[in-house]
Amino acid sequence: MIDKPISIALAQLNSHLGNIAGNVECLIDAREKANAGGADIILTPEMFLSGYPCDDLVLRSDFMSEVEAGIIRLASVTADGGAAIIVGAPYREHSGDDVVIYNSVFVLDEGKVIGRRDKVNLPNYGVFDDKRNFTAGAMPGPVLVRGLKLGLPICEDIWTPDVVECLQESGADMIVSLNASPFDSRKNDQRMAHAVSRAIETGLPLLYVNLIGGQDELVFDGGSFALNADGNLATHLPSFSQAVVQVQVKSDFGALSLTGQITPPDEGLAAIYRGLMLGVRDYVQKNGFPGVVLGLSGGIDSALVAAIAADALGADAVHAVMMPSPYTSDESLDDAADLATRFGMRLDTISIAPAMAAMDEMLVDQFAGKDPDIAEENIQSRLRGTILMGISNKNGAMVMATGNKSEYAAGYSTLYGDMCGGFAPIKDVWKIQVFDLCRWRNTHLPRGAAGPEGEVIPIRIIDKPPSAELRPDQKDTDSLPPYERLDAIMRALTEDAADIDAIVAQGYDRREVDHASQLLFRAEFKRFQSAPGPKMTSIAFGRDRRLPLTSGFSPLKTFIK
């Protein structure tokens, strides 16, 4: 136990994967601020130095050499007598001709490495592939840092009792958990429940620091916190924002107590919208794009994507293009212009009618004797994709795909057409949520948003029936069930892995469930080729859900002709 109060800074920082030097400087800057506030220790998230998940980069000798140099650099700055550093990073151990890689936490003080602990429980489910790249560490004991014996479990190590129980039995005064836990709409409650359980089981206070930022399909939401030994909340950091917050640790009658500021987490639609903003901002900026370009159709999906992009990047970085065909309504033209004006983003109009006529002439022999059908519809979509990619190639802006999760699930999307793009911001957002998010944005200005407050998405866009406008009087419900039912069925099929009989037993029509299941399985090849998009649900298309492209399995009891 300590004889005087200790201040521990939770450094909820946005790591740039692979930019070791940049991450080192980011942490040094955060430490200087923590030193100014009197911090004794500064604590980073899991794998902060390298970024997470860095996948097979840890197998490269040059990458690991940069990590090792970063650890040496960080250790050297602690020679100044300021805050000790606890930092997450991969560790390479040579054993004869073999090399073993661990997911580790380093304790740096007095100019050197004074301790290292390795992750014991390696997750290998959902988006996680830790067993592919890392070796499991041995059961750990605590590390003595500034008079405190700290147990240092890493992320998954606190989701079961074993590691924390070992630390408590080894004499730890406190549990200090480094995490890179990606966001989904159910995750906050799960994290807190596990952390509270570990605190109560061991009778030890617990610090939980989580990564912040977007990394490909993952968004890390921060939301770091501290719990007292009874499981009561002592500190909570903001969601989706960088923060360095100090927790005061005192010894009261032989027991440690924690105090600090509490910022409530973002929840519901606010959390999803801010998560989408962060995912877009980091994907664009960390990959060095000057901005984005997207097709603005006058429909609700592209309206939401444009809003997220403008809020995340600023309207000056968003180039919207309306590409009307003979089937595009005047209402859609007006609505796209209205939305662009409200955000102050650039909108250009490029008609695809001349290209459609040219394609009709080019394909006249191939299409002879056949009625117009989906082939002509898909050509329209692909012409739009070609235009956007041409603008992207010429100006450097990244194309954003505007499809939602309902469309990706049903295959109601066109490869190399509306699926064209480098990033798909609402790929993991169900259609019903698209409507909800638009309504929410019209009454809320998200924290950190660059866009204006007020009604930014015209009500007419929200209220009109969804349509791809690829043929006269087309509506999505011509070929799909209403989204209220489709989303519920598709959510059960994907996120709950329910079979057809189980869904029908919930009261849904068997033909609709059969049809939805058939659409889902048929579109696997499309999703495999789709752009990445930020994970918002518990099971997202991409790293979360992996099915073969070629398979003789069919879940259908009846086949739709």
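**Exercise 1. Find out how many salt bridges the structure holds, and follow one across the chain.**

Start with the count: there are 37 salt bridges in the structure. A salt bridge here is a side-chain nitrogen of Lys or Arg within 4 Å of a carboxyl oxygen of Asp or Glu. The background idea is that side chains of opposite charge can pair when their charged atoms come close.

Before going on, a word on the model. It is a predicted one, where local features need pLDDT of at least 70 and side-chain atom pairs count only at pLDDT 80 or more, while totals for chains, interfaces and linings use all residues. Residues are numbered from 1 along each chain as its sequence is written, and side-chain values use heavy atoms, leaving out hydrogens and water.

Now pick a pair: Arg546 and Asp129 form a salt bridge with an N to O distance of 3.4 Å. This pair links distant parts of the chain, 417 residues apart: Arg546 sits in the segment after helix 17 (524-528), and Asp129 in the loop between strand 5 (112-118) and helix 3 (130-133). Helices (H or I, at least four residues) and strands (E, at least two) are DSSP runs, numbered from the N terminus.

Next, check the surroundings of Asp129. Its relative accessible area is 21%, so Asp129 is partly exposed. The cut-offs are: buried under 20% relative accessible area, exposed over 50%, and partly exposed in between (1.4 Å probe, protein chains only).

Finally, widen the view: Asp55, Asp129, Arg543 and Arg546 are linked in a network of salt bridges.

**Exercise 2. Which residues does Phe541 contact, leaving aside its neighbours within four places in sequence?**

Then list the partners. Phe541 is in contact (heavy atoms within 4.5 Å) with Glu217, Lys405, Tyr408, Ala409, Lys427, Thr494, Leu520 and Arg527. Look at Thr494: Phe541 and Thr494 are 47 residues apart in sequence, and their C-alpha atoms are 8.7 Å apart in space.

Now try Ser538, which lies in the segment after helix 17. Ser538 is buried, with a relative accessible area of 18%. Beyond its neighbours within four places, Ser538 contacts Asp184, Arg186, Glu495 and Asp544.

**Exercise 3. Which peptide bond is cis between Tyr52 and its partner, and where do Arg146 and Tyr416 sit?**

Begin with the cis bond: the bond runs from Tyr52 to Pro53, with omega near -5°. Pro53 is found in the loop between strand 2 (41-43) and helix 2 (61-77).

Move to phi. Arg146 is not a glycine, yet it has a positive phi of about 50°. Arg146 lies in the loop between strand 6 (143-145) and strand 7 (148-151). Arg146 is partly exposed, at 26%.

Tyr416, not a glycine either, has a positive phi of about 65°. Its place is the loop between helix 11 and helix 12. Tyr416 counts as exposed because its relative accessibility is 51%.

**Exercise 4. How many helices and strands does the protein have, and what share of its residues is buried?**

Count the elements first: 17 helices and 19 strands. Then take the share: 57% of the 561 residues are buried.
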